Each structure stands twice: as C-alpha cells, then as structure tokens.
Amino acid sequence: MKKRTLVWDLPTRLFHWLFAAGFLGALGIAASVGHRDPTFLIHKLLGAVVGFMVLLRLVWGLVGSRWSRFRDFTLRPKLLLEYLRGVFGGSERRYSGHNPATSFAAVGIFGLVLATVATALLAPTYRFLGEVHGVLAWTTLAVVVLHVAGVVLHSYRRRENITMSMVDGRKDAPAAAAIPSTRRFAAVAFVALTALFTAGLVHNYDPTAGTVTVPLVGTVRVARPAGNPGDPVPELPGGHGQGPLTAASTLRASTDRR
Ligand code: HEM
Ligand code: HEM
C-alpha cells in the first residue's frame with residue numbers, strides 16, 4: 001500500500017524554495033533594470049547567494065539523506081528515455097526519489113547556475129563571458145520551465161500534488177522508502193550559513209570604492225566607485241580607471257564593463 005511517506009528532508013526543501021526564489025529574483029532584476037541601475041547590485045548579491053546555496057547543496061548531495069544524495073539520482077540516459085516514453089504512453093515507472101527527468105533537470109540547473117555565476121565573476125577579465133553569462137542564465141530558465149511543466153503534467157496525470165512533496169517532504173511512496181529523520185539541525189545550519197554569507201557580503205560592501213571583500217577570494221569590484229561626478233577616479237592596476245583595489249587576488253566583477 002502506498003501512502004504519504006517522508007522522502008525529502010528539510011534542508012532539501014528549504015534549499016529548493018530559497019534557491020528558486022533567489023534565482024528568479026536575480027533573473028527578474030536583470031530582465032527589468034539596466035546594469036547601471038543601483039538595484040542591479042541586488043542582482044549580483046542574489047546571484048552570489050544562489051551560487052553559494054548550490055555549493056551547499058553539492059555537499060548535501062554527498063552527506064544528505066537517502067533521496068537527496070546524488071548517488072540516488074537516476075542519471076542514466078536510457079532510463080530517461082524509457083521514463084519519457086512512459087510519460088507520453090501513460091505508463092511511466094514511479095520513483096520514490098527524483099525520477100530521471102528531475103534528476104537530469106536538477107544536475108543541469110546546478111551546473112548551469114554555477115557556470116552563470118562563474119562567467120559573471122570572470123567577465124571583467126574575459127569580456128566575451130558577459131554574453132555567455134546571459135545565454136547561460138536564459139538557458140537555465142528554459143530548463144526550469146521544462147521542470148515546472150513536468151511537475152504540472154505529473155500532478156495532473158497522476159492526480160497527485162507533488163508540489164506539496166517539496167513543502168511537507170511527503171509523497172506517495174512505499175513505507176520502506178521513508179527517510180528516518182527530517183534533519184532539522186542540518187536545515188538550521190543551511191539557513192544560518194546562507195544568512196551569514198549574505199550578511200557578510202552586505203557588511204563587507206564598501207560603497208565608496210564600489211568593492212566587496214570576500215574571504216578566500218579577495219576584494220571584488222561590484223559597482224562604480226561613489227563620489228561626485230567629475231571627481232578624479234583612481235586607476236585600477238589594469239589601468240581601467242574604475243576604483244582602488246586592495247587585495248592581491250582581485251577579481252574585477254563589475255557592472256561597468258561597457
Ligand atoms: C544565478 C545567478 C544569476 C543569474 C540567473 C543572472 C542572470 C543575468 C541575466 C539574465 C542578465 C542579462 C543578460 C542579457 O543581457 O540578456 C545578467 C546580466 C548581468 N549579470 Fe547576472 N546573473 C546571475 C548572477 C550574477 C552575478 C553573481 C553577478 C556578479 C557578481 C552578475 C553580474 C551581471 C552583470 C554585470 C550583468 C550585465 C552584463 C552586461 O550587460 O554586460 N550576475 N545576469
Ligand atoms: C512553482 C514552481 C516550482 C514547483 C511547483 C517545483 C516543484 C518541484 C518538485 C515537486 C520537485 C521534486 C520533484 C521530484 O519529486 O523528483 C522539485 C525539485 C527541484 N526543483 Fe523545483 N519547482 C518549482 C520551481 C523551481 C525553480 C524556479 C527551480 C530553479 C531555479 C527549481 C529547481 C529544482 C531543483 C534543482 C530540484 C531538485 C531538488 C534537489 O534535489 O535539490 N524548481 N521541484
């Protein structure tokens with residue numbers, strides 16, 4: 001007998017909704033304001049936090065509970081084809097964890113988001129990556145749209161509200177698939193680390209220089225230096241005239257690429 005069985009631990013569920021909100025927020029801002037608008041800083045902040053959350057999710061994919069581990073993702077192309085054929089033929093196999101379509105979508109989304117953030121950080125040095133950044137972000141959105149369409153299709157066809165599974169962690173699965181704990185402490189750690197990272201970026205932001213200092217990375221330029229128009233603008237080591245940088249390992253992540 002199938003019943004609503006706990007399969008998604010709390011860190012995975014919290015990750016899902018915070019990550020989805022952060023991603024859509026970063027994308028929404030980029031789509032609606034120009035990169036010289038002060039709000040664009042929020043785009044960068046959200047983007048960096050979303051990237052950080054993916055790194056934490058990668059760790060959870062190694063040490064998390066059963067269905068959240070990458071080991072339990074179904075990543076065989078043959079099974080994906082079989083699954084998709086089943087979906088359209090009305091006889092798809094059921095999975096307690098991620099089905100092959102969600103497994104591929106999740107790994108694709110993680111990889112694309114990390115690449116989106118990496119290209120943003122490297123774009124000031126390699127200009128063409130600015131274009132690549134946009135392409136990667138919109139490609140991620142395409143995968144997300146397919147993902148949400150899959151969720152809607154599944155819910156309609158199976159008469160099962162699987163969206164709810166990412167809320168309360170339970171889905172129609174055999175009792176033997178249940179995870180023993182919702183991992184509340186890890187969930188608190190996930191939220192605390194994400195909040196600390198976000199607060200750290202905000203705290204280390206220097207509006208005068210337009211830089212933010214990131215532990216292990218160095219000082220990253222993220223905006224135009226503040227000041228009155230006409231003020232002399234200090235030279236960058238590279239001679240771009242965009243603000244003083246302090247750390248040796250400087251990444252010039254900036255809005256002022258044009
Ligand atoms: C998942 C995270 C992110 C997403 C989804 C995202 C998405 C986007 C999108 C859709 C654009 C507009 C591209 C276009 O013209 O079509 C954009 C532009 C931009 N993003 Fe991001 N971004 C993310 C993270 C970041 C981060 C972390 C930074 C910097 C620290 C950043 C810096 C920029 C800059 C500077 C531009 C302007 C590019 C230009 O117009 O030359 N982004 N981003
Ligand atoms: C209303 C919108 C959304 C709904 C209803 C939804 C629902 C779900 C559900 C039910 C699952 C679990 C699927 C399964 O049983 O295998 C899931 C997984 C996932 N979704 Fe969404 N989702 C939404 C939006 C998004 C967005 C915007 C993103 C990305 C930005 C996203 C990324 C993911 C990822 C990466 C997973 C895998 C979770 C993990 O293992 O960490 N979702 N989603």
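The model is predicted: local features need pLDDT of at least 70, side-chain atom pairs count only at pLDDT 80 or more, and totals for chains, interfaces and linings use all residues. Residues are numbered from 1 along each chain as its sequence is written, while chains are lettered from A and ligands numbered from 1 in the order in which they are written.

**Ligand shells**

A residue counts as near a ligand if its C-beta atom, placed from the backbone, lies within 6 Å of it. Nonpolar means Ala, Val, Leu, Ile, Met, Phe, Trp, Tyr, Cys and Pro; charged means Asp, Glu, Lys and Arg; the others, Gly among them, are polar.

| Shell | Nonpolar | Polar | Charged |
|---|---|---|---|
| Ligand 2 | twelve residues | nine residues | one residue |

Around ligand 1, Ala30, Gly47, Ala120, Gly134 and Ala137 come nearest. Ligand 1 lies between domain 1 (3-201) and domain 2 (205-258), because both give residues to its shell. The domain bounds come from an automatic or database assignment.

Around ligand 2, the nearest are Ala20, Phe23, His98, Thr102 and Ala106. H1 gives the largest share of that shell, seven residues.

**Helix H7**

Helices are DSSP runs (H or I, at least four residues), numbered from the N terminus. Ala186, Phe190 and Thr194 of H7 are buried (20 or more other C-beta atoms within 10 Å of their own, all placed from the backbone; exposed means 12 or fewer, partly exposed in between). The buried residues of H7 pack against H1 and H2, with contact meaning C-beta atoms, placed from the backbone, within 7 Å. The face turned away carries exposed residues, including Arg184, Phe185 and His203.

Definitions and conventions
Helices (H or I, at least four residues) and strands (E, at least two) are DSSP runs, numbered from the N terminus. Two residues are in contact if their C-beta atoms, placed from the backbone, lie within 7 Å.
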